[in-house]
Amino acid sequence: MKLCFFGDSIGKGIIYDKDKGRYVPLDKSFVKLVENEENCEIENFSRFGCTVTKGEQLVDKNAEKIENSDFVVLEFGGNDSDHDWKKIAADPEAEHGPKTPLSLFIETYKKMITEVKKLGKIPVILNLPPIDAKKYFNWVSRGINSENIKKWLGGDEIYIYRWHEMYNAAICDISSSMKIPMIDIRSAFLVKRDYSDYLCEDGIHPNEKGHQLIKNTLTDAMRSMI
């Protein structure tokens, strides 16, 4: 079985290595685990920082490889829902939108799915792993005015989670409205007593345990679909 995978740094298998003090690729990312353990070939087009707009460009660019695959897996939304925290810290009174406005996110994701369908392939989308809002707030506010960021958030870091959840809800709606399979990796985290144990120090990237959790969820779903 051949799969094409389009996503962001989570799909790329990027984690934060606390000892090295930087982001590094994980040898046992969920994509590599699925490929090695499920005897399938995966072409991974994921990119660090990738938004759905860039994802659409990558799908167009790799149409021939998509045509030669059995499934196309799409994983976007985390970067789209993110903000420019330095600008927010500098001017918390101003209006600050996400990297991809929600309406554009939905429109572009639907266009990408339509393109995959036109190529005769079944698109499968992943929803978003949850973030740890407090960890993520501490991470993005390092070295800048954290009080201004908190002011813009209305005094509550949990607002970051709620914003992230909006994009996750949009992904679920896209799956339902376009009648395409969605693999629910978010619930696999949320059922854990403390899902933060499955996230890196930055509160947003799954760690090695998190990648194993996604892999287990993914393989169970794939076996059911096949």
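Is Y23 buried, exposed or partly exposed? Select Y23 and check: at 29% relative accessibility, Y23 counts as partly exposed. Here buried means under 20% relative accessible area, exposed means over 50%, and partly exposed lies in between (1.4 Å probe, protein chains only).

Before moving on, two notes. This is a predicted model, in which local features need pLDDT of at least 70 and side-chain atom pairs count only at pLDDT 80 or more, while totals for chains, interfaces and linings use all residues. Residues are numbered from 1 along each chain as its sequence is written, and side-chain values use heavy atoms, with hydrogens and water left out.

**Stop 1: the hairpin**

Select residues 14–17 and 22–25. These are strand β2 and strand β3, paired in the antiparallel sense over 4 bridges. Two strands pair if DSSP finds at least two bridges between them. Helices (H or I, at least four residues) and strands (E, at least two) are DSSP runs, numbered from the N terminus. Look across from D17: R22 in β3 stands opposite. The two strands, β2 and β3, form a hairpin with 4 residues between them. In the turn, G21 has a positive phi of about 70°.

**Stop 2: aromatic pairs**

A pair of aromatic rings is described by the distance of the centres and the angle of the planes. Rings of Phe, Tyr and Trp (its six-membered ring) pair if their centres lie within 6.5 Å; planes under 30 degrees apart count as stacked, over 60 as edge-to-face and the rest as tilted. How many aromatic pairs does a search of the whole structure find? The search finds 14.

Start with Y23 and W139. Their ring centres are 6.1 Å apart and their planes stand at 75°, so the pair is edge-to-face. This pair links distant parts of the chain: Y23 is in strand β3 and W139 is in helix α7, 116 residues apart. W139 is buried, with a relative accessible area of 12%.

Now select F76 and Y109. Here the centres are 6.0 Å apart and the planes are at 80°, so this pair is edge-to-face. F76 sits in the loop between β5 (71–75) and α5 (85–90), and Y109 in helix α6 (residues 102–118), 33 residues apart. F76 is buried, at a relative accessible area of 0%. Y109 is buried, with a relative accessible area of 0%.

Next, select W85, Y136, W152, Y159 and W163 together. They form one aromatic cluster.

**Stop 3: charges over rings**

The charged end of R142 sits over the ring of W139, 3.7 Å from its centre. A charge sits over a ring if NZ of Lys or CZ of Arg is within 6 Å of the ring centre and within 35 degrees of the ring normal. Then select K209 and Y198: the charged end of K209 sits over the ring of Y198, 4.5 Å from its centre.

**Stop 4: the cores**

Which residues have the most contacts inside the largest nonpolar core? Select F30, W85 and L126; the core has 43 residues. A nonpolar core is a set of buried Ala, Val, Leu, Ile, Met, Phe, Trp, Tyr and Cys residues joined through side-chain atoms within 4.5 Å. Helix α7 (residues 133–140) gives the largest share of this core, 5 residues. Apart from it lies another core, of 25 residues, including V52, F76, F105 and M178.

Zoom in on L126. Not counting residues up to four places away in sequence, L126 touches F5, F30, V73, L74, E75, I171, I183, I185 and L218. Contact means heavy atoms within 4.5 Å.

**Stop 5: a buried arginine**

Select R186, in helix α10 (residues 185–190). R186 is buried, with a relative accessible area of 3%. A polar atom of the R186 side chain lies 2.9 Å from the backbone oxygen of L128. Beyond four places in sequence, the contacts of R186 include P129, Y161, H164 and E165.

**Stop 6: S81**

Find S81 in the loop between β5 and α5. At 6% relative accessibility, S81 counts as buried. Leaving aside neighbours within four places in sequence, S81 is in contact with P98, W163, H164 and Y167.

**Last stop: two positive phi values**

Select N39, in the loop between α2 (30–37) and β4 (41–44). Phi of N39 is near 55°, a positive value in a residue other than glycine. N39 is exposed, with a relative accessible area of 71%.

Finish at K179, in the loop between α9 (158–178) and β7 (182–183). Phi of K179 is near 55°, again positive in a residue other than glycine. K179 counts as exposed, at 73% relative accessibility.

How values were computed:
Polar contact = N/O pair within 3.5 Å; in protein donor to acceptor, adjacent residues only side chain to side chain.
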